[in-house]
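Q: Please take a close look at one part of this predicted model. I would like to follow a single pair of neighbouring strands, and then what surrounds them.

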Amino acid sequence: MSWNKVAVVGAGLIKFGELFDQGYEQMASGAFGAAMAGVDKGIDRSAIDAVIVATQRGSLWGQEGIGGNTVPSALGLSGVACTRVENACPSGSDAFRIGAMAVASGVHDVVLVIGVEKMRDKSTAEGLLARAAAGHPVYNRGETAPVLFAPFATRHMHEFGTTPEMLASVAVKNHHNGCLDEYAHFRNEVTIEQVLASPFVCSPLRLLDCCPQTDGAAAAILTSADRARDFTDKPVYVAGFGVATDHPYLHEKTTFVSLPATKLASSRAYEMAGVGPNDIDVAEVHDCFTITEILDIEDLGFVEKGKGGPASLEGQTALDGRIPVNPSGGLLAKGHPIGATGVAQLTECFWQLREEAGDRQVSLRNGFALQHNVGGRGSGVSVVNILTRNSA
Amino acid sequence: MSNRPAAVSLTSVGVAVPTLRLQAAQVSAAWGGSSHKGAVALCDSDEDTLTLAWQAATDAISASGVSTDQVSGLWWGTTRPPFAEGPSHAFLAASLGLDASSQGALFAGSPHAGMEALLGAWDALASGHATIAVVVASDALVPGIGTAGETTTGAGAAALVLEAVGGDAAGPAAPARLVSRATRYAPVVDRYRADAADSTGDVYDGRLFREEVYLPLMTEAARAIGSTPAVWAVSDPDGKLGGALAKRVGGRLSSAEVQAALGDTGAAAALLGLVQACAQGDVSSGETVGVVGYGGGRASAVVVELSDLVPGASRISAKLKAGQQVTYTTALRARGQLEPMADPIQMGLPPGGAAFVRGNTEMLRFEGARCTACGTISTPPSVHPACTGCGETKLETVRLSRIGTVVTFVVNQTMPPPFQAPLPLVVVDLDDGARVMVQGSPADAESLAVDDTVSLSLRRYALERGIPVYGYKASRVAAKPASPATRSGGSADDTKGAGR
């Protein structure tokens, strides 16, 4: 039995990209409008009684102190309850989980979950790369984002014979999917040869093994399962979720071929939803780097440990594969505006379960979709949400 | 004033050389003019006089068989310490793992500082105030761009472990003893650096310095020691003065080989020459070495009697041969004289701040927190009130091993200034069971592999807001063993291995 106490009745996002022409509030407004428009039977904004905002690094646009509580004002909702969630790369997916709990508790009736992230208001050097100088002055010195995942690629290759071509096949597949997604940052095909010819960013990861820096926003509207049909005849239910943590430093990892937080979070979500990996029809997983998707599909139980590389190369995760992964283009092609990412993934799951995903629609067997993020220093936190179109 | 205080014994020695070598011809090519010969040693951007001093002293202590808690103190001489004013001595003492109650002194201000450290330690031992002294002389001076000093200024360090000769004259024989000494001075301006200057300038006139300052003072000091050693180890600011001095006083010059390999090592020069003499000396004849150092208008001479092989000395030969040849441009970058215009990204934590007050000792001593319940070592201790293995909170601070095996690694190619690519970052399983992630050596970027054996050494991680920040870095000492699964298990799920 799935949990199914809460339903998604509308979701939407803005086109991701380098949105130099839009500020944080404008992006939020765009995503809110898209989610409201996605409510089949219409909704008045006065119905919303709480907003959960996911923004991970306000410092990237110089507004660390106010990211969050300015959002209701930008949406015409000033006065409503509002809380900001920061939980590293899973900020958006955790905001969704917290929103679902707020509804399930009965405290709030209709909750807007909105993820907004401005990644490109600062230069790359002053923005994302500046983290090379953050954290512990010795144990984190030089640790840019790819450093958090590249050591896993080195070790995965060492232990399982995973090849650069297998890594590249993830980028090829997700770029292909991105071509089919009008919201994606990148909408161009790439080949394995192009991936392997791109320069090293942090070896063994090359430029096309890495997701871009993307501005974006996404929103979802949650209400109780009982009330869902006031807004739509095709609600999507929250079947289960899980969150788990791990130690913050890379040197505290007990394994470099698995992300334990993902395993734990997904096992909790599967148990809550009453399903297993074989019941999932489609998954939106955290592919900040190609190796991350390979780790994810193993840790989420879609393929055996060590087989993620060959499975990707063979097309098992393609739109028409055994388990379609990242139909939206994933972080690699759609982009990774951190706080928005999880909510955008959930929006894709919402569309897929309602069979509204157009050219990238996958075939549904069991009616379950899984959404996953992992991140933080040393991949110290993971969140998994499972959605279903099945009402019971 | 006696030039024969109570003799002290020389127990062991250690030597450190920096990573880079610059051919003088490279400098000539950049600036034109007559072509210079020879080569100088210089620090990479993560080395300085303190990291060299650490390496030499670590090797000397290791060769002595003395444990660090037996050491009475550290006597360090360096022309220009890493902090012109500041905690240089405390940083070095901590990184050597010396007891918090250990004594000693920092001598600086001219290349004579190396001899002052030696004499200061001798005084402490002779007076009975100290029983085991670590003496280290190091320099990594930065010459002014386009000065003659660019073709002569080298870098290096030498360390000695000295022990008081006990009242029992028939005690265990020391491999060498310090027996006499003398000092002379003249108030003259030679090579110097003014307050606001970044680099050292040359002497006013080479001939003036040679005839009126160096040769008279050094000769007087050498003749005042009351014996005529067969071998001389001298400091030599330009590579030609030592030979002239040897002609005056008579004898062989052991420091010449060091000078040819490294250039003028400043405060370390005379003691490096002594180590070279120890490595080559004819111990059966009770050979004596005259060690004569110069700097800042002062010259000091010390007589060392050799009676056996001095532990640690033989390593100098391989060290003098090592070194990576670099271009003049690379040398300028390494010395910090060629920098990109982009503002460097500031460290998130200010190095004068509270996090460093809490964390400096554990970083310099390279410590972890060992769980008394399960044995797991959590690193660094200051951010781990609970064991990362089992969650228990009874932890004891331990110094970590500095040898281990590569678990995994990356080479970061994409970072803003002040970072320089390629930068390896390496996860290492240390031989004591702890796991750390540290920076690796850029020299290993192309060839590092999982299961390689690496050794960790003190390096300068950053020069942040003028403050040096030190930590340990890994460099490869051996490729992975030929047979699999000898050092690390290589199991599919790679759990931390035995010893935890």
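A: In this predicted model, strand E1 (residues 8-16) of chain B and strand E7 (residues 156-164) of chain B run antiparallel and are joined by eight bridges. One facing pair can be named: Val8(B) has Ala164(B) in E7(B) opposite. Helix H8 (residues 269-280) of chain B packs on the sheet and touches both E1 and E7. Other strands of chain B touched by H8 are strand E6 (132-139), strand E8 (176-185), E9, strand E11 (288-295) and strand E12 (298-306). The direction of H8 makes about 165 degrees with that of E11(B).

The sheet itself is open and has 10 strands, with mixed pairing. In chain B their order is E5-E4-E6-E7-E1-E8-E12-E11-E9-E10. Strand E5 (103-107) and strand E10 (252-253) of chain B each have a single partner strand, so one side of each is left without a neighbour in the sheet. Strand E10 also has a helix across it: helix H6 (residues 241-249) of chain B lies across strand E9 (231-234) and E10, at about 145 degrees to E9(B).

Now for the chain around this sheet. Chain B comes to 11 helices and 21 strands. Its radius of gyration is 23 Å, close to the 23 Å that the globule rule gives for 500 residues, so chain B is as compact as a globular protein of that length. The C-alpha trace of chain B spans about 70 × 60 × 45 Å along its principal axes. Of the 500 residues in chain B, 54% are buried. Among contacts in chain B with a separation of 6 or more, 70% are between residues 24 or more positions apart.

Note on methods: Residues numbered from 1 in each chain as written. Chains lettered and ligands numbered in written order. Predicted model: local features only at pLDDT ≥ 70, side-chain atom pairs only at ≥ 80, totals over all residues. Pairing = 2+ DSSP bridges. Helix = DSSP H or I, 4+ residues; strand = E, 2+ residues; numbered from the N terminus. Contact = placed C-beta atoms within 7 Å. Axes fitted to C-alpha atoms, helices over the stretch in contact; angles between N-to-C directions. Rg over C-alpha atoms; globule rule 2.2 N^0.38 Å. Buried ≥ 20, exposed ≤ 12 C-beta atoms within 10 Å, placed from the backbone.
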